[in-house]
Amino acid sequence: MRQLTFIEPGKLEWWDVPAPKIAAGTDAIVRPLAVARCDLDYSTIIGSGLQGGPFAFGHETAGEVVEVGDLVTSVKVGDKVIVPFQISCGTCDNCRQGWTNSCKSVTRGAVYGMKPICGEEFGGALSEFMHVPFADHMLVPLPENVRPEVLAGGSDNIADAWRTVAPYMDRYEYASVLVIGSGRGVSIYAVQVALARGASRVLYAEIGKGSEAMRLAQEMGAETQLVPSPADLKSLGSFNITVDSSGDLEAMKLAVRSTGANGTCTSISVFFDNAVPFPMMSMYTKGISFHTSRVQGRALLPQIVEDVKCGHFHPEKVTSREVAFSDAAEAMDDPAPKIVFTNDWV
Ligand SMILES: [Zn+2]
Ligand SMILES: [Zn+2]
């Protein structure tokens with residue numbers, strides 16, 4: 001089968017590899033129908049993300065079940081499903097508590113399309129077929145009225161944004177929300193969730209020179225502000241909920257400093273450094289809760305699906321372009337906030 005393979009920054013190749021097979025009764029084989037480009041895929045192709053090719057590429061997927069093992073009961077051939085990007089079993093201690101980012105039954109950090117994270121190749125989404133273990137737990141049905149393109153990223157960038165805002169809105173009487181981003185899709189999902197949940201004020205601040213993402217945030221109804229250099233700014237004001245999705249250490253500290261008394265700050269940036277200085281005194285005095293972790297993709301997915309199904313959340317508004325699978329290699333470095341690839345082979 002065809003598999004998009006990451007070789008090195010700027011270089012993707014279509015490889016011909018053996019198609020996956022059912023290995024256990026609990027497995028399923030899924031044909032990806034839509035694959036969203038994760039913000040990390042973009043970073044990787046431009047040279048500021050993962051390294052260590054070759055590995056199968058793409059991991060935000062919705063598709064169609066084409067084969068199931070004889071123990072699978074919750075899905076059948078022909079069902080449209082969302083495939084969580086992290087692999088989890090659903091039955092170990094951690095999965096039962098909703099910590100599907102730390103499943104004990106699989107290699108630590110097991111994910112599709114990002115072999116360097118876990119050291120094991122589980123295949124990628126920009127392929128003709130994907131192997132899905134623990135299918136009864138892993139696969140989440142796609143609602144009938146929702147296109148696969150809308151929820152392909154449901155367990156990853158969309159859930160990653162949702163969890164920075166949605167769980168905390170009820171803590172505050174008139175919640176104000178600050179999102180610091182760098183022009184990628186995940187920031188705009190967070191803006192959208194805040195607006196949809198009735199935030200009294202939403203400010204999207206962007207590090208850099210302005211982007212398509214900034215225009216989208218404005219269009220959705222957020223205030224916007226350009227931050228040429230976060231180190232120069234003391235504060236962006238005071239907010240109940242702050243989100244750092246910038247990938248910039250100074251911007252992360254700016255998000256913390258802009259968090260008001262008893263506020264909640266979440267950083268979904270990935271800093272490859274364990275020696276990050278933190279404004280601890282300010283956090284202690286104001287009583288700030290700070291969150292950082294890999295997203296609980298599978299555990300959050302049903303809530304995301306529900307929000308989309310009932311029309312509270314429109315991830316498709318963040319998608320700038322839909323591109324055929326066949327053109328995925330050429331389009332991967334498009335600076336647009338979000339791209340979704342659609343299967344043109346079926
Ligand atoms: Zn991702
Ligand atoms: Zn597990």
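Predicted model: local features only at pLDDT ≥ 70, side-chain atom pairs only at ≥ 80, totals over all residues.
The axes of helix α6, residues 157-165, and helix α11, residues 297-309, come within 10 Å and cross at roughly 80°. An angle from 65 to 115 degrees counts as roughly perpendicular, and α6 and α11 are therefore roughly perpendicular to each other.

Which residues of α6 and α11 meet? From α6 come I158, A159, W162 and R163; from α11 come G297, L300, L301 and I304. Sorted by class, the contact of α6 with α11 comprises six nonpolar residues, one polar residue and one charged residue.

I turn now to the domains. The domain assignment divides the protein chain into domain 1, covering 2-156 + 295-342, and domain 2, covering 160-291. Between the C-alpha centres of domain 1 and domain 2 the distance is 27 Å. To the contact, domain 1 gives 16 residues and domain 2 gives 15 residues. On the side of domain 1 that touches domain 2, helices α1, residues 39-45, and α11 each provide at least two residues. That side of domain 1 is made up of nine nonpolar, three polar and four charged residues.

A second pair of helices deserves attention. How do the axes of α7 and α8 cross? Helix α7 spans residues 185-196 and helix α8 spans residues 212-220; their axes come within 10 Å, with a crossing angle of roughly 10°. Angles under 35 degrees count as roughly parallel, and α7 and α8 are therefore roughly parallel to each other. On the α7 side, the contact is formed by S187, I188, V191, Q192 and L195; on the α8 side, by A213, L216, A217 and M220. Seven of the residues in this contact of α7 with α8 are nonpolar and two are polar, with no charged residue.

Finally, the sheet. Three strands make up an open sheet, ordered β2-β1-β4, with antiparallel pairing. Why is one side of β2 and of β4 left without a neighbour in the sheet? Strands β2, at 11-16, and β4, at 55-56, stand at the edges and each has a single partner strand, so one side of each lacks a neighbour in the sheet. Strand β1, residues 2-8, pairs with β4 over two bridges in the antiparallel sense. As for individual residues, T5 has A56 of β4 as its bridge partner.

How values were computed: Residues numbered from 1 in each chain as written. Chains lettered and ligands numbered in written order. Axes fitted to C-alpha atoms, helices over the stretch in contact; angles between N-to-C directions. Helix = DSSP H or I, 4+ residues; strand = E, 2+ residues; numbered from the N terminus. Parallel < 35°, antiparallel > 145°, perpendicular 65-115°, else oblique. Contact = placed C-beta atoms within 7 Å. Nonpolar A, V, L, I, M, F, W, Y, C, P; charged D, E, K, R; others polar. Pairing = 2+ DSSP bridges. Domains from an automatic or database assignment.
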